[in-house]
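Let's take a friendly walk through a protein model together. Have a look at the picture and the sequence, and then we can begin with a question.

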Amino acid sequence: MDVTAQDAIEALRELERRLPDLFTLEPGMTDAELTEAEPRLPDGIRTLLRAVSAVHMAGDDRLDLDPRVTKAGSRWMWGPGEESRVLLSLATGDHFFVDVHPGTGEWGAVFSQSADFFSTYAYCARSLPEFLVDYAREALAHADRVKADPEEYDWEDEEFDILFPCESVWGGRADVHGTPVAELRGTDDPDLAEVVAGLPDEAVLVDLRTLEPPLLMKLRPTNRKQEEFVRLGRQRQFAVAVPENTPLPAHDAH
C-alpha cells in the first residue's frame, strides 16, 4: 500500500507531540504560496505542504519541504539541480533529495549522497511521504530505546541519531551495482526501453521497481569515467550513472 500525504502528516505530528524538545513542525504554506513556488505540484505533495513546511530540529538543522528553499542550485551530487529538491544537508556531508520530473511535475523517490561515499548513492524511499513516515517512526523508536535503557547509550551520539535517523540508510542492508545499458538493449519492457534508448552503452542502470528501499547503490559507468547520477523514467523508477556531461534523453531533458 502506498504511503499517503496524510500518513506523513500524522507521523510528523506524533513526532512533535512525543519529542517536543527535539522536533518542531513549521506551519504549512497557503495555496497561493504553493502555486507561486511550484504551479504543477501534485495533489499529494500539495496536501502535505499545506500542513507542514519544515521539521525544525534541536539546534539549527531543518528538514525543509518548501519548494521555494529546496531547489538545488548546482549539479554536484544530486544530478540536474534544477529538477531536484534538497530536503536536508548535514554537516557530515550527507544530503537527502527528491526528484521532480521536468515534464510532468511529479515528485519521485528520495535519494541520498554523502561526501564520504563517492559513486555510492542511497535509495531511501519510494516517495517523500514514505521517507517522512520512516523518518518519524525511526526517531521515535530510537528515543524509546534510549529511554528504556539509558545506561546502554552514549547520550551525545544517540541524540544525534534521534535527530537524524535518516542517516541510518548509510548502514544499508544491500549493495546494488546496476546493469550496463548495453545488456539491456532489446528489452520488451516499454518503460525501460524508452529510457535505455537515450543512454550510452557504458551507462549503468538500476531498476528501482524491483527493489525494496532503503539500500545502497554503487554506480559507476563501465568505462570508469567520472559519473553523473540521474534518475529517469516517467515515475523516476530508474537510477542511472552516466559518464559526466552525457546528454539526457529528450523526454527527461525538457
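Leaving aside its neighbours within four places in sequence, which residues is Ser 112 in contact with?

## Around Ser 112

Ser 112 is in contact with His 95, Phe 96, Phe 97, Tyr 121, Ala 122, Cys 124 and Trp 170, once its neighbours within four places in sequence are set aside. Here, contact means heavy atoms within 4.5 Å. The side chains of Ser 112 and Trp 170 also make a polar contact at 3.3 Å. A polar contact is a pair of N or O atoms within 3.5 Å; within protein, one must be able to donate a hydrogen and the other to accept it, and residues adjacent in sequence count only if both atoms are side-chain atoms.

Ser 112 sits in strand S6 and is buried, with a relative accessible area of 0%. Buried means under 20% relative accessible area, exposed means over 50%, and partly exposed is in between (1.4 Å probe, protein chains only).

## About the model

This is a predicted model, in which local features need pLDDT of at least 70 and side-chain atom pairs count only at pLDDT 80 or more, while totals for chains, interfaces and linings use all residues. Residues are numbered from 1 along each chain as its sequence is written, and side-chain values use heavy atoms, leaving out hydrogens and water.

## The whole chain

The chain has eight helices and 13 strands. These are DSSP runs numbered from the N terminus (helices: H or I, at least four residues; strands: E, at least two). Of its 254 residues, 52% count as buried. Among contacts in the chain with a separation of 6 or more, 55% come from residues 24 or more positions apart.

## One side of a helix

Which residues of helix H3 are buried? In H3 (residues 43-51), they are Ile 45, Arg 46, Leu 48 and Leu 49. They lie on the same side of H3, because they cover an arc of only 160° around the axis. The arc is that of the directions from the helix axis to the C-beta atoms. The cover over these buried residues includes helix H1 (5-18), strand S2 (52-57) and helix H5 (128-148).

A search of the whole structure finds six aromatic pairs. One of them, Phe 23 with Tyr 135, is edge-to-face, with 6.1 Å centre to centre and 85° between the planes. Phe 23 lies in strand S1 and Tyr 135 in helix H5, so this pair ties together parts that are 112 residues apart in sequence. Both partners are buried: Phe 23 has a relative accessible area of 0%, and Tyr 135 has 2%. Rings of Phe, Tyr and Trp (its six-membered ring) pair if their centres lie within 6.5 Å; planes under 30 degrees apart count as stacked, over 60 as edge-to-face and the rest as tilted.

Ring pairs also link Phe 97, Phe 111, Tyr 121, Tyr 123 and Phe 229 into a cluster. Arg 231 lies over the face of Phe 111, at 5.6 Å from the ring centre. A charge sits over a ring if NZ of Lys or CZ of Arg is within 6 Å of the ring centre and within 35 degrees of the ring normal.

## Two loops to find

Is Asp 21 buried or exposed? Asp 21, in the loop between H1 and strand S1 (23-27), counts as exposed at 71% relative accessibility.

Now find Pro 214, in the loop between strand S10 (204-207) and strand S11 (215-218). A cis peptide bond joins Pro 213 and Pro 214, with omega about 0°. Most peptide bonds are trans.
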